[in-house]
Amino acid sequence: MASVLNTVSSVRLSNTNTNRVRTQSVMAPISVSFSRRRFTVRAAETDTNEGVKSQAPDKAPASGGSSFNQLLGIKGASQETNKWKIRLQLTKPVTWPPLVWGVVCGAAASGNFHWNLEDVAKSILCMSMSGPFLTGYTQTLNDWYDREIDAINEPYRPIPSGAISENEVITQIWVLLLGGLVSAGILDVWAGHDFPIIFYLALGGSLLSYIYSAPPLKLKQNGWIGNFALGASYIALPWWAGQALFGTLTPDIVVLTILYSIAGLGIAIVNDFKSVEGDRAMGLQSLPVAFGSEAAKWICVGAIDITQLSIAGYLLGAGKPYYALALVALIAPQVFFQFKYFLKDPVKYDVKYQASAQPFLVLGLLVTALATSH
């Protein structure tokens, strides 16, 4: 619109037997041409240098993109026609590892995991439930309800581009959801639970995913609530599932992981910067929209760093100084990469920052899990 509003329009009235009449108006943003057989409306070009040029390199179809990025479901993906590859792209496999790692942390925190065939098989099924099934369900559901925003921000994505039909998307959502819930029920039976705790964790997580993306609640409309819900889904829920599978989920662990989820809130904010235009257009109050990008950057890194430092303080107070020191050592490189990449340009360097800093954060999760198991 900015470029259109800086144009000088012309109105042309033409007839095969009449002369052309041209008028100019400074206020009118369009050019209209009439003839007997057609009616066209077009933006007139400006010959001034004052107009704002439209630049949207990230919105162009990724015809020369990477097929590897396409399979992972990340930016820079190539256009694909194979339906199964498109289905995989919708599940965003790049988002599975944190959930898989959460199961590992829960199993470690239980203190009852053993390196035998049965426990490994249980953990693999629990990881499949948390990652491919329920995270895949969440990501596909989110893309479905974000199709209007993606039509603004990333119109080349599978749903807004029409690469996959609506019925196919809805079918995929149901298959992944049911696959996750069935896996949870199997795990409860396998673990000998009298109360199906893993099934209810999976059901609760699935409901949280739905109200995060879908109206009327659509938690993601609020930057604080939505991002905390997302952080809890990535940190607390898979940890609880892993610990409940191999041991007992205790109240202190529930509180600790909910607090750790504040760091997850910070991680979720990282992904909001690239969607500011669409979020603002659709009325979503993400933190970069509500507070501006500059303030939101510091809210993001503060949530990540202060949370981890608080957990380190908790471990120190619990008489586990070596674990606390190890956690602090893992926080330091995260701060370094925040200044090197994220705080400079959260849109340009978001992938580099997450690839560089998040491995240290997830290692910190494991350190905390090991500390609570001893």
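Residues 224–241 run as 100% helix and 0% strand, and their end C-alpha atoms sit 25 Å apart. Residues 197–212 also come out as 100% helix and 0% strand, with 22 Å between the end C-alpha atoms.

A word on the model: it is predicted, so local features need pLDDT of at least 70 and side-chain atom pairs count only at pLDDT 80 or more, while totals for chains, interfaces and linings use all residues. Residues are numbered from 1 along each chain as its sequence is written, and side-chain values use heavy atoms, with hydrogens and water left out.

**Overall picture**

The protein has 15 helices and four strands. These are DSSP runs numbered from the N terminus (helices: H or I, at least four residues; strands: E, at least two). Of its 374 residues, 44% count as buried; buried means under 20% relative accessible area, exposed over 50%, and partly exposed in between, using a 1.4 Å probe on protein chains only. Take the contacts with a separation of 6 or more, and 64% of them join residues 24 or more positions apart; a contact here means heavy atoms within 4.5 Å.

**Holes in the model**

On a 1 Å grid over the protein atoms alone, a cavity is a set of points where a 1.4 Å probe fits but cannot get out; a pocket is an open set with protein on both sides within 12 Å along at least five of seven lines, and lining residues have an atom within 4 Å of a point. Grid points are joined across faces, edges and corners, and a volume is the space filled by probe spheres set on the points. By this rule there are three cavities of 30 Å³ or more.

For the lining classes, Ala, Val, Leu, Ile, Met, Phe, Trp, Tyr, Cys and Pro are nonpolar, Asp, Glu, Lys and Arg are charged, and the others, Gly among them, are polar.

| Space | Volume | Lining classes |
|---|---|---|
| Largest cavity | about 250 Å³ | 10 nonpolar, seven polar, no charged residues |
| Second largest cavity | about 40 Å³ | four nonpolar, three polar, no charged residues |
| Second largest pocket | about 240 Å³ | 11 nonpolar, one polar, no charged residues |

Of the 17 residues lining the largest cavity, Leu99, Ser130, Leu134, Ser233 and Leu237 lie nearest its centre. H4, H8 and helix H9 (223–246) each give at least two lining residues, and H8 has the largest share, with six.

Thr138, Leu208, Ser209, Tyr212, Ala229, Leu230 and Ser233 line the second largest cavity, with at least two residues each from H8 and H9.

As for the second largest pocket, helices H4 (117–145), H7 (166–191) and H8 (197–213) each put at least two residues into the lining. Among those lining residues are Tyr137, Trp144, Tyr145, Trp174, Ser206 and Tyr210.

Arg157 sits in the loop between helix H5 (147–153) and helix H6 (158–161). Why does Arg157 count as buried? Because its relative accessibility is 6%. Leaving out residues up to four places away in sequence, Arg157 touches Gln89, Lys92, Asp143 and Asp150.

Cys126 counts as buried at 0% relative accessibility, and Cys300 counts as buried at 0% too. A search of the whole structure finds zero disulfides, a disulfide being a pair of cysteine sulfur atoms within 2.5 Å.
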